[in-house]
Amino acid sequence: QGRFRIGKKVSYLFIADLHLSPDHPRLVRGFLALLQQYQQQNTQLYILGDWFNTWIGDDDTAPWLDEVVQQLKQFSDAGNQIYFQAGNRDFVLGKNFLNQFNGILLPDVYTLEINHQKFRLEHGDALCTDDIAYQRFRSVIRNPVLLSLLKRTPLSFRQKLANGFRKKSSETKQLKNYDIMDVNAQAVDSVIEQVDFLIHGHTHRPEIHLLGNKQRIVLGDWRADSAWILEINEQENSSLDFKKWTY
């Protein structure tokens with residue numbers, strides 16, 4: 001259950017694909033700036049995957065990450081709530097990390113209701129069904145038994161494994177057709193049927209797609225000075241603001 005300030009309207013904020021890492025400090029500063037801007041607005045922050053560029057386990061620590069956690073604590077202590085949904089880069093991020101700032105781990109697919117409208121939330125990679133090789137890899141690497149075994153290995157081994165996956169992924173993407181890495185239309189139709197909105201990231205192609213009386217909103221990836229964010233304010237007629245936020 002999220003926390004709400006009594007008597008103050010809720011601001012629902014959706015972001016994805018930040019890919020935070022010590023190698024890109026401007027992205028980290030941008031995320032911290034977002035927390036500061038929305039800290040006093042009774043915000044329910046939904047991070048729909050790839051929050052971090054890689055995540056090798058909740059037992060990993062670093063000074064830059066400590067600062068992020070500190071700011072997340074301040075954001076949470078101010079009465080806001082943070083929700084996280086796993087992406088393809090950080091699917092091993094778990095409750096041990098989130099518990100440091102009262103964050104909530106969402107399932108891979110989550111339905112949120114705002115003002116009697118249903119929003120389906122997911123990272124988006126499961127919708128890219130034309131990329132058969134990736135879907136096979138996804139089903140293997142996210143197997144609960146394998147993940148449990150990997151978490152017991154040394155951090156150094158997991159770091160080498162993550163670096164290898166990233167390198168292989170980068171090489172593979174250069175050989176793939178651009179359209180294969182986008183969502184499949186039939187896959188979208190099958191999941192949007194029971195909701196009013198589908199919100200996802202992963203593809204790095206920010207846009208609002210109109211599908212009859214429904215909408216598919218694609219969150220964009222973060223850049224050195226800007227990010228695409230979706231804000232929905234709780235009021236009689238939900239105010240939906242999909243915008244390029246600069247920092």
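Colleague: What should I know before I start reading?
Modeller: This is a predicted model, so local features need pLDDT of at least 70 and side-chain atom pairs count only at pLDDT 80 or more, while totals for chains, interfaces and linings use all residues. Residues are numbered from 1 along each chain as its sequence is written, and side-chain values use heavy atoms, with hydrogens and water left out.

Colleague: How many helices and strands are in the protein?
Modeller: Seven helices and 11 strands. Both are DSSP runs, numbered from the N terminus: helices are H or I with at least four residues, strands are E with at least two.

Colleague: What share of the residues counts as buried?
Modeller: 47% of the 247 residues. Buried means under 20% relative accessible area, exposed means over 50%, and partly exposed is in between, with a 1.4 Å probe and protein chains only.

Colleague: On to the sheet. In what order do the six strands of the open sheet run?
Modeller: The order is S4-S3-S2-S1-S10-S11, with mixed pairing. S4 and S11 are the edge strands, each pairing on one side only. Two strands pair if DSSP finds at least two bridges between them.

Colleague: Parallel or antiparallel for S3 and S4?
Modeller: Parallel, over two bridges. Phe84 stands opposite Leu105 in S4. Helix H2 packs on this sheet and touches S2 and S3, its direction making about 125° with that of S3. Such axes are lines fitted to C-alpha atoms, for helices over the stretch in contact, and angles run from 0 to 180 degrees between N-to-C directions.

Colleague: Which way do the side chains of S7 point?
Modeller: Phe197 and Ile199 point one way, Leu198 and His200 the other, and all are buried. In general, side chains in a regular strand alternate between the two faces of the sheet.

Colleague: And what does S7 pair with?
Modeller: S6 pairs with S7 in the parallel sense over three bridges. Phe119 stands opposite Phe197 there. S7 also pairs with S9, again parallel, over four bridges. In that pairing, Ile199 stands opposite Ile217.

Colleague: New topic. How many salt bridges does the structure hold?
Modeller: Nine. A salt bridge is a side-chain nitrogen of Lys or Arg within 4 Å of a carboxyl oxygen of Asp or Glu.

Colleague: What does Arg158 meet in a salt bridge?
Modeller: Asp59, at 2.9 Å from N to O. The pair links distant parts of the chain, 99 residues apart: Arg158 is in helix H6, Asp59 in the loop between strand S2 and helix H2. Arg158 is buried at 8% relative accessible area, whereas Asp59 is partly exposed at 43%.

Colleague: What about Asp108?
Modeller: Asp108 forms a salt bridge with Arg142, the closest N and O atoms being 2.9 Å apart. These residues are 34 apart in the chain. Asp108 is partly exposed at 39%, and Arg142 counts as buried at 18%. Another salt bridge joins Glu122 and Arg120 at 2.6 Å, and both residues are buried. Glu231, Asp241 and Lys243 are linked in a network of salt bridges.

Colleague: And how many aromatic pairs are there?
Modeller: The structure holds 17. One of them is Trp222 with Tyr247: ring centres 5.9 Å apart and planes at 35°, so the pair is tilted. Rings of Phe, Tyr and Trp (its six-membered ring) pair if their centres lie within 6.5 Å; planes under 30 degrees apart count as stacked, over 60 as edge-to-face and the rest as tilted.

Colleague: Trp222, buried or exposed?
Modeller: Trp222 counts as buried, at 5% relative accessibility. Tyr247 is partly exposed at 24%.

Colleague: Which residues do ring pairs link into a cluster?
Modeller: Phe31, Trp51, Phe52, Trp55, Trp64, Phe84, Phe97 and Phe101.

How values were computed. Contact means heavy atoms within 4.5 Å.
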